Amino acid sequence: MEMKPRRLSIIRPDDWHLHVRDGEGMAAVLPFSARRFGRAGIMPNLKPPVTTVAQALAYRECILRVLPAGTDFDPRMFIYLTDNTSVEEVARAAQEDLVLGFKLYPAGATTNSDAGVTDIDKLHDRFEAMERSEVPLCVHGEVTDLAVDIFDRERVFIERVLVPIRRGHPALKIVLEHVTTKDGVDYVNYDRSMGSQTAATITAHHLLLNRNAIFQGGVRPHHYCLPVLKRETHRQALVAAVASGSPGFFLGTDSAPHAKHTKEAACGCAGCFTAHAGIELYAEVFAEMNALDKLEAFASFTGADFYGLPRNMETITLVEKPWLVPQSYEYGEGNTVVPLRAGEQILWQLEPSVE
Ligand code: NCD
Ligand code: ZN
C-alpha cells in the first residue's frame, strides 16, 4: 500500500537572520526568500556596511524594487553597530518600526566585519540607550582572538563578552545569532530562567550538519560558514533546544550567498546558501526528530513575539516529497551560487511546488 506523503500547514514563517547582499546577486536570491517567508531580518554587512537608519531604509527600498511582482515580503532591517554609532542613532532606530535592532560584529569575526566593534567596553552608553528604548542587540557571538581555537570562539565570547554585557544591562534584549554550541544553548536557557530577554536564532545547516561535513571525503568549501560547524554533541544540543519548544529559540537561516568561485578558492568565503530551501530544510530536521508539531512556533511565532511584531496571518503548506536540488543557481553578473545539498535530495517541499 502506498503511504500518503505527510503534509503540514503552518502560519507563514519569518527568517530573522538573512543575507541578501546587493546588486544583481540580490535580485537573484531574493525570490527564494520571498516565496517562503513573510518577513526577514536583513543583515547589514554590505561593503560598506549599513550603519544608519537612513542607510537601512534606503537599502530596504532597493530590496523592495527588485522583489518579484505580487509578493508582500516585508524586509526588516538591522543596523551595523560600530565604535562610532551614536546614541542619537539608537534613538532614531527606536522610532523606526522597519528597523529590528543593531547587529554587533566583533571586528574581523566574519564576512565584511572589518568595520565591526573593536572594544566592547567603550560601547556602554550605546548599550544603555538600547536597553532604555528597548532596541534589541543582536550579536555575532565569536571572539576574534586568534589565540582562541576556532571551535571555542562562541563559548569564549559568551564568557568574555556576553556575560559582562548582560550584567551591565539586565533589561537589554539580546539575540545570540546563529547559536552553534551546547554552551550557547545553556547560556540562553540560563539567562531566560533568570528573567532576561535573551534569545537565539538557529540555522538549518547547524541543525543538520556537524563539523565532519566540512571534511567529508575531501575539503567541502560549501559547508564552511561562521560560526564554523561544531562537533556532534553540540548539534544534538541545538536539536534538543528546538525540540523543547522553548520560546528562547527561533528561525534565522543565515543564508549567506557567495559566488561559487569565491568559495571554491584557496582562501574561501564563509557562508552557506540555504534560501532555496529556507523552510524545507528545517521541516526535514523537525520531521527527523518527530517534532513537526514544534515547527510552527519556532518558524512563525517565537521570533515575531520576541521582536514585538504581529504574527503572520496566511499559511504555507509543506509536503514530504523529495526533490533534487540543482548544482547551482544564477547569482548575477555571470556568477552562480552553490546551494546547500547541491545535486542531492531535500525531503520536503512547498506546495504548490515553486521551483
Ligand atoms: C556571513 C556572510 O557571508 O555574510 N557568513 C557566514 O558564514 N555566516 C556572515 C555571518 O553571518 O557571519
Ligand atoms: Zn549571518
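For exposure I count a residue as buried under 20% relative accessible area, as exposed over 50%, and as partly exposed in between. I keep in mind that this is a predicted model.

Entry one, salt bridges. I searched the whole structure and found 21 salt bridges. In one of them, lysine 294 meets aspartate 293, with N and O 3.8 Å apart. I looked up the exposure of both partners: lysine 294 has a relative accessible area of 28% and is therefore partly exposed, while aspartate 293, at 61%, is exposed. I also noted that salt bridges with shared partners join Arg60, Asp74 and Arg76 into one network.

Entry two, a pair within a helix. I found arginine 155 and glutamate 159 in a salt bridge at 3.1 Å, N to O; because they lie four residues apart in helix H5 (residues 153-168), about one helical turn separates them. Arginine 155 is partly exposed at 30%, and glutamate 159 is partly exposed at 46%.

I found aspartate 14 in a salt bridge with arginine 39, their closest N and O atoms 2.9 Å apart. This pair links distant parts of the chain, 25 residues apart, with aspartate 14 in the loop between strands E1 and E2 and arginine 39 in strand E3. Both aspartate 14 and arginine 39 are buried.

I traced the axes of H1 (residues 23-36) and H2 (residues 53-66), which come within 9 Å and cross at roughly 65°, so the two helices are roughly perpendicular. Met26, Ala27 and Leu30 of H1 meet Tyr59, Cys62, Ile63 and Val66 of H2, and I sorted these contact residues into seven nonpolar, no polar and no charged.

Conventions. Residues numbered from 1 in each chain as written. Chains lettered and ligands numbered in written order. Predicted model: local features only at pLDDT ≥ 70, side-chain atom pairs only at ≥ 80, totals over all residues. Heavy atoms only, no water. Axes fitted to C-alpha atoms, helices over the stretch in contact; angles between N-to-C directions. Parallel < 35°, antiparallel > 145°, perpendicular 65-115°, else oblique. Contact = heavy atoms within 4.5 Å. Nonpolar A, V, L, I, M, F, W, Y, C, P; charged D, E, K, R; others polar. Salt bridge = Lys/Arg side-chain N within 4 Å of Asp/Glu carboxyl O. Buried < 20%, exposed > 50% of the residue type's maximum accessible area, 1.4 Å probe, protein only.
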